[in-house]
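Subject: Handover of a structure and findings

Dear colleague,

Please find below the structure I am handing over to you.

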Amino acid sequence: MKFILKINIIIILLLSSSQSVATGPKIATTGNIGFSIMKFNYQEFKENGESFNNEQGILPGITIGMMKNFKYGFMATTFSYHLNEVNYQGETQAGIPLKTRTDEKLVDFFLQLGQQFKPTHNQIYQSYIGLGYHQWQRDIHSTSTVLGLFETYQWWYGLLGVKSILPINKQSKLTINLCLMYPLNPTIKIDFNGLFDEQQFNLNGQWGKRFSLAWQYQYSDAINISIEPYLEYWDFAQSANQTLTHHGKTVGSLFEPQSEMHNYGLTIYFQRSFW
C-alpha cells in the first residue's frame with residue numbers, strides 16, 4: 001500500500017508541475033478528495049453452483065485524485081481506500097458451518113489516459129485506457145470451533161472505458177462512465193494462523209465491470225461538487241488445486257472456489273481546479 005501511495009503522489013506532482021510548461025490557452029488541472037460509502041458484497045460458490053459463504057457490510061472510505069486536461073485528451077489518477085468489519089456466514093471447505101466477522105481493507109489505484117471528442121457544442125465523449133492495482137485484505141475472525149484466516153488478494157489490471165458528459169444547465173452536468181477491467185496475474189496469499197504453511201494461489205480472473213453516474217455542480221469558477229453512485233463487479237472462476245503443507249510436509253490439497261465481489265456505493269467529491 002505504501003508503494004501505491006508513493007506512485008500516486010509522484011503522478012499527482014507530475015500532473016501539477018505540467019501546468020508551468022503548458023503553452024497556448026489555459027487548461028485546468030483538477031484535484032479532488034472524496035468520501036465514500038460502499039455496500040460490500042462478496043460470495044463464494046461450491047462446485048455445484050450453490051452458495052458456499054458470503055460476506056456483507058458497509059465500508060466507509062476516502063478517495064483522492066487529480067486530472068490534467070489537454071487540448072484533445074486527459075490524464076487522470078485516483079487512489080481509494082475502504083475498510084470496516086462485516087458479517088461472514090457460510091461454511092469451511094471441510095463442511096463446518098461458520099458464522100463470524102471479517103475485517104475488510106480494500107485499496108485501489110489507477111492511471112487513465114484518454115481522448116476527448118466533442119460532436120456537438122455542449123456534449124462531450126471520452127474514451128480511455130489505463131492500468132490499475134487492486135488489493136483486498138480479508139481477516140476472517142476465529143471462533144470457538146474454527147480457526148480464522150488472513151487472506152490477501154491482489155492484482156494489477158488493465159482497463160478501458162468510455163464516458164459521456166451531458167450538460168444539464170450552466171452550472172451542472174451528468175457524466176456516464178462505463179469501464180471494463182481485466183486482472184493481470186491475480187493471486188491470493190493465505191495465512192492459516194500456524195495451522196498450515198502459508199500458501200499462495202494463482203486466481204482465475206475474469207473481466208470486471210464498473211458503471212457510474214456522476215452529477216457535478218459548479219459552485220464557483222474553481223470549485224465543483226460531485227455526487228457519484230456506482231456499481232463495481234469482480235468475478236473469479238475456481239482455481240486449480242494447491243498442495244497444502246504443514247512444516248513442509250504434504251497434508252492435503254486446497255483450491256480457491258468460484259467467487260464474485262459485487263459492490264455498489266456513493267462517493268461525494270470536492271474538486272478544485274488550477275490554471
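A residue is called buried under 20% relative accessible area, exposed over 50%, and partly exposed in between. Ile268, at 33% relative accessibility, therefore counts as partly exposed. Please note that the model is predicted.

Nonpolar surface patch

Ile268 is found in strand β14, and it belongs to a nonpolar patch on the surface. Strands β1 and β14 (258-274) each supply at least two of the residues, and the largest share, three residues, comes from β14.

Salt bridges

Six salt bridges were found in a search of the whole structure. One of them joins Arg138 and Glu44, whose closest N and O atoms are 3.3 Å apart. Arg138 lies in strand β5 (residues 124-140) and Glu44 in strand β1 (residues 29-45), so this pair ties together parts that are 94 residues apart in sequence. Both partners fall under the burial cut-off of 20%: Arg138 is buried at 1% relative accessibility, and Glu44 is buried with a relative accessible area of 4%. The two residues also take part in a network of salt bridges that links Glu44, Glu55, Arg138 and Glu151.

Another salt bridge pairs Arg101 with Glu85, with 2.9 Å between the closest N and O atoms. Here distant parts of the chain are linked, as Arg101 is in strand β4 (residues 97-117) and Glu85 in strand β3 (residues 73-91), 16 residues apart. Arg101 is partly exposed, with a relative accessible area of 30%, and Glu85 is partly exposed as well, at 32%.

The side chains of Glu232 and Arg210 also meet in a salt bridge, at 3.2 Å from N to O. Glu232 in strand β11 (residues 223-237) and Arg210 in strand β10 (residues 208-218) are 22 residues apart, and the pair links distant parts of the chain. Glu232 is buried, with a relative accessible area of 11%, whereas Arg210 is partly exposed at 23%.

Second largest pocket

The second largest pocket holds about 550 Å³ of space. Its lining consists of 27 residues, of which Thr92, Gln93, Leu149, Phe192 and Leu254 lie nearest the centre. Strands β2 (51-69), β3, β5 and β6 (149-167) each supply at least two lining residues. By class, the lining divides into 17 nonpolar, five polar and five charged residues.

Cavities

There are two cavities of 30 Å³ or more in the structure. The largest cavity contains about 50 Å³ of space. It is lined by Tyr42, Trp136, Tyr153, Trp155, Trp234, Phe236, Ser259, Glu260 and Met261, which divide into seven nonpolar, one polar and one charged. Strands β6, β11 and β14 each supply at least two residues of this lining, and β14 provides the largest share, three residues.

The second largest cavity has a volume of about 30 Å³. Tyr153, Leu203, Asn204, Phe236, Ala237, Glu256, Pro257 and Ser259 form its lining, with five nonpolar, two polar and one charged residues.

Yours sincerely

Technical notes. Residues numbered from 1 in each chain as written. Predicted model: local features only at pLDDT ≥ 70, side-chain atom pairs only at ≥ 80, totals over all residues. Heavy atoms only, no water. Salt bridge = Lys/Arg side-chain N within 4 Å of Asp/Glu carboxyl O. Helix = DSSP H or I, 4+ residues; strand = E, 2+ residues; numbered from the N terminus. Buried < 20%, exposed > 50% of the residue type's maximum accessible area, 1.4 Å probe, protein only. 1 Å grid on protein atoms, 1.4 Å probe; cavity = no way out; pocket = protein on both sides within 12 Å on 5 of 7 lines; lining within 4 Å. Points joined across faces, edges and corners; volume = space filled by probe spheres on them. Nonpolar A, V, L, I, M, F, W, Y, C, P; charged D, E, K, R; others polar. Patch = residues over 30% accessible without salt bridge, like charges linked within 9 Å, V, L, I, M, F, W, Y side chains within 5 Å. Areas by Shrake-Rupley, 256 points an atom, 1.4 Å probe, with all protein chains shown as cover.
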